[in-house]
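Subject: Structure handover

Hello,

Here is the structure for your set. My notes follow below it.

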Amino acid sequence: MAFQLQIQLQPAEQLLREFLLEAAQHFPGLEIWITGGWVRDRLLGIPSSDLDLALSNLTGKEFGTFLQTFSATPEIEAKYTQKAAKLSLSRPCFSRFHITKKNAKTCKKLETAGGVLFGLDVDLVNLRKEVYDGQSRNPEMEFGTAAEDASRRDATANALFFHLKRQEVVDFTGWGLQDLQAKIMRTPLDPKQTLLDDPLRVLRLIRVAGKLGFSIAPKTGLCMQDPEVHGALDAMITRDRIGAELAKMMTNDNSEASFKLLFDFRLYSPVFVRPDSALLQPLAAQCSSWGIRSASSAWPTPLPRAYRTLARLLDGRGSLSSLIISDENRHLLWILAAYSPFARLRHTLRQEIVREAASSIRAPARAVKLLDESLRNFDSIRNTVNRLHRSRGECGMAIRSWGPAWTAQLAFVMLAEALDEDATDDDAARGCSENLWEKFSRFAVYISQEKLERASLERPLLNGREIQELFGLEEGGKYLKGILDELIQWQFNHPSAAKDDCQNWLSQKKDDLLTPTSR
């Protein structure tokens, strides 16, 4: 990331600027600022097409409604369509236009608008200051100055404004440019009060710092560890909002850094486990060496081994990484890493663990199901990995019983085993020991050599009706299922077999497979 003090607008941004300034002439005294992430990212040399526009004397709804009409007038549409065409940009029409109205029931206290102009996502809101009552993260909103708006931001690096007309970056906090260059996240005002006013800022700071590779300023970091701030995060922030922030962390390119910050600031509870969860006491009893004594200290101390092992898997190019990692399951694997400590409770509290994930972070249904399957199949997976001398058929049948998401379940078992190791310092830095890595790698090589990657999808070459006719059975039921399972295992052991081969084998095994009650 190359830091720069000025922002050179791209052609689409230049055209947007021209359009907005022409529209602003209809509102005397209106100043327009680009704020937040776009300014930060552009100064860091990171492309961004998402612009937050702050207005000095209009609500977002008022200006957005005007822009929708303004962009559709024949003269303006013709003018900017021609300009956009020269740049090979989309038409200037304010498309996908939407308005967010005030709604006390849903805590929407601003009238905002948004849409797409020249291919850029644009959100409109007025400059504002906030007044908190200490009971909610949703403050009373009033029109404010640009400096007041900047001071209410979560971090100085996110509080840099770009004046659209003057085309200059303004650092109202006095720390933004310095912190951006030093890669530091710091609150503009007193950190504890800032975090108590809106505890979700704790997770936003972690998310942005993790994504960009920034550190947290020491004073801000101390406050992020404060039990009072943790209590406010649990009491004031909905679990939907917590889950949404975590989802963003788990889908960026540096999720490991976010997990490290969550670990450093002791946020396992209240984030992944609610402070009043009935799971904390049995987890502490099972894992006395992990340092779990109360909700305020509820972070399993070996957890870095799990998320470092996962990061190593995600970065790897070997057979193990190739088997486990896919674009579809990356974010799900981070959820599994978060709940890997609970593998120790799988025999007695599996349903409670799954419900906790669904409740605490609003894990999507797919992730909840995957966690349940990982806990349910844990022992079978571990035994299969440990016994590579099994036949291809036995291994294939085991994989088939685990279901289509079996490779992610395999990762969960590996991460949970990494927590239980007596790892050296060198091992801990890599995540898991080389012995554990090699064990699972050997299993991955075996799966590749035997072409069992799609074993969970294996189907019998003969259907139930055909087997009933072959065996002269009047009914199917559980007995027929047993024959089908035997057939599938035989198919695993004879991967080149055809349908006729299956019929011949079943005919030869007919007396062995038929029980007295089924004749």
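K79 is partly exposed because its relative accessibility is 30%; the class lies between buried, under 20% relative accessible area, and exposed, over 50% (1.4 Å probe, protein chains only). Its side chain forms a salt bridge with that of E22, at 2.9 Å from N to O. A salt bridge here is a side-chain nitrogen of Lys or Arg within 4 Å of a carboxyl oxygen of Asp or Glu. This pair connects distant parts of the chain: K79 sits in helix α4 (residues 74-86) and E22 in helix α1, 57 residues apart. Helices (H or I, at least four residues) and strands (E, at least two) are DSSP runs, numbered from the N terminus.

Two notes on the source. This is a predicted model, where local features need pLDDT of at least 70, side-chain atom pairs count only at pLDDT 80 or more, and totals for chains, interfaces and linings use all residues. Residues are numbered from 1 along each chain as its sequence is written, and side-chain values use heavy atoms, with hydrogens and water left out.

- R207 pairs with E245, their closest N and O atoms 2.7 Å apart. R207 is in helix α8 (residues 200-212) and E245 in helix α11 (residues 239-251), 38 residues apart. Both R207 and E245 are buried.
- R382 and D379 meet at 3.5 Å, N to O. They are three residues apart in helix α20 (residues 378-386), so about one helical turn separates them. R382 is partly exposed at 29% relative accessible area. D379 is partly exposed too, at 26%.
- R128, D149, R152 and R153 are linked in a network.

Now the sheet. Seven strands form an open, mixed sheet in the order β3-β4-β5-β2-β1-β8-β9. Two strands pair if DSSP finds at least two bridges between them. β3 (95-100) and β9 (168-171) stand at the edges with a single partner strand each, so one side of each has no neighbour in the sheet. Neighbouring strands are turned by 25° against each other on average, direction ignored. β8 (residues 160-163) and β9 run antiparallel, joined by four bridges. F161 has V170 as its bridge partner in β9.

Helix α1 (residues 11-24) packs on the sheet and touches β1 (32-35), β2 (50-55), β4 (112-117) and β5 (120-126). Touching means contact: heavy atoms within 4.5 Å.

Last, S441 lies in helix α24 (residues 434-449). S441 counts as buried because its relative accessibility is 13%.

Best regards

Notes:
Axes fitted to C-alpha atoms, helices over the stretch in contact; angles between N-to-C directions.
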